[in-house]
There are 2 protein chains.
Amino acid sequence: MSEPRWLSQEERSTWLALTGLITKLPGALDSQLTRDAGLSFYEYMVLAMLAESDDGVLRMSALAELTNGSLSRLSHVVQRLERQELVRRETCADDRRATNAILTDAGRTRVESAAPGHVQHARTLVVDAVSAEDLATFGRVGEAILDRVADQRRR
Amino acid sequence: MSEPRWLSQEERSTWLALTGLITKLPGALDSQLTRDAGLSFYEYMVLAMLAESDDGVLRMSALAELTNGSLSRLSHVVQRLERQELVRRETCADDRRATNAILTDAGRTRVESAAPGHVQHARTLVVDAVSAEDLATFGRVGEAILDRVADQRRR
DNA sequence: CCTCTATTGTTTACGGTTCAAGTAATTCTA
DNA sequence: TAGAATTACTTGAACCGTAAACAATAGAGG
C-alpha cells in the first residue's frame, strides 16, 4: 500500500473532537438519565420512540432502526424493560415472525417524567451550546457521516 | 418543574443525528480496526498516543486524558496490551505513585501497520465526506460540546 | 404444492466497561 | 512531624453489548 494521505492539523483536531465525543457523550447522557430517571440512554430512546409512535406500538425491527441499535441489543433491552413492566411484547398478527413492542401505561408515565430533564440536558450540552447556524451545519455533517457509516455496513 | 422548552424540528433532527453518531460510529471504527489490525478503537488510541509522544512513554493519567478514557478502563486495556507485549509498565521514578506506560517495539510496529487503514477509514467516513469548511465548523461545535461535557463532569 | 432462501427475532457465550473498594505514595496541616 | 487528606493507580464483581448459532415464519421459484 502506498503512503496514505495523513490528516492535516485541522483535520486531525476535528477528528479527535469527534472521537472524544463518541467516547464521552454516551457516559454523560447515561449518567444524567440513570441519576434522574433510572434509565440508560438507550432504554430512554426505546421508550421515547414508542411514545412518539401513534399507539405506542412498533415492530422490533423498526424500533431497532429508530434507536440505532442492533436487533440483538434491542432484544436484550426490551427483555429488561419487560421485567419492569414498562414494555410488553406480542407476536405480530400479520407476520408471525415479527414481534410488536408495546409501551405500557407505566412505561409512558416513566418516559414522560424522564423527558424534561433529558431535553434540558440535551440543550445544555449541545443545542444551546452553539449558534443555530453552526448547529444546523453540525447536524448536516452528522447526517452525511451516518450515511457513510450505513454504506459501509451494507457491503 | 415548568414545561420544558422542547426541541424544534430542526434541533431535534440534529440531536438525533448526534445520538445516531455516538451509537453507531464506535462500532464502525471497532470493526474496521479489529478486522484489519486486531485492535479495538480504544486500544488503537492508546498505542497511537504513545507512538506520538516523544519517546513512547506516558503516565497512565496523561494517557487516560488523551484517549478520553477513565483510568480504570485504561488500566484494564493496558493490562491486556501488556499480555500481548505491545506495551509495558513501570512505576515512575519521580513520583512513585505514578506508572509509566511504555510502547514496546512490537507495539510501535503494530500501530504503524494499523494507522494507514484507520486513517483511510476516517477519511472515508468523515473527513472526505464533507467540505473543508463544514468540517471545520463541525469540529468547532464538537469541541464546544466537549467543553460542556467536561463542565458537567466537574460538578 | 414443495422446497429453498430470506426475514425476523431470540438466546447463549464471551469480552469489555464501569463502579466501588482497595492499596500505596505523597502532600498538606496543625 | 504525626496524622489526615489527596493523588495515582489497580482490582474484582456486576452489568451490558456483540457475535454467532438457533428457531420460526414468509415468500419465491420450479
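**View 1. Gln32(A), a buried residue of helix H1 in a predicted model.** Gln32(A) has a relative accessible area of 4%, which counts as buried (under 20%; over 50% is exposed and in between is partly exposed, with a 1.4 Å probe and protein chains only). Gln32(A) sits in helix H1 of chain A; helices here are DSSP runs of H or I, at least four residues, numbered from the N terminus. Leaving aside residues up to four places away in sequence, Gln32(A) touches Ala37(A), Gly117(A), His118(A) and His121(A), where contact means heavy atoms within 4.5 Å.

**View 2. The contact of chain A and chain B.** Each side brings 60 residues: 60 from chain A and 60 from chain B. About 6,100 Å² is buried between the two chains, with carbon and sulfur atoms giving 71%; that's the accessible area (1.4 Å probe) lost on putting the parts together, summed over both. In chain A, Trp15(A), Ile22(A) and Phe138(A) lose the most area to chain B, together 11% of what that side buries.

**View 3. A salt bridge across the interface.** Arg5(B) and Asp128(A) pair up through their side chains at 3.5 Å, N to O. The rule (a side-chain nitrogen of Lys or Arg within 4 Å of a carboxyl oxygen of Asp or Glu) finds eight salt bridges between chain A and chain B. Among the elements giving two or more residues to chain A's side are helix H1 (9-37) and helix H6 (132-154), and H1(A) gives the most, with 19 residues.

**Notes.** Residues are numbered from 1 along each chain as written, and chains are lettered from A and ligands numbered from 1 in written order. In this predicted model, local features need pLDDT of at least 70, side-chain atom pairs count only at pLDDT 80 or more, and totals for chains, interfaces and linings use all residues, while side-chain values use heavy atoms, without hydrogens and water.
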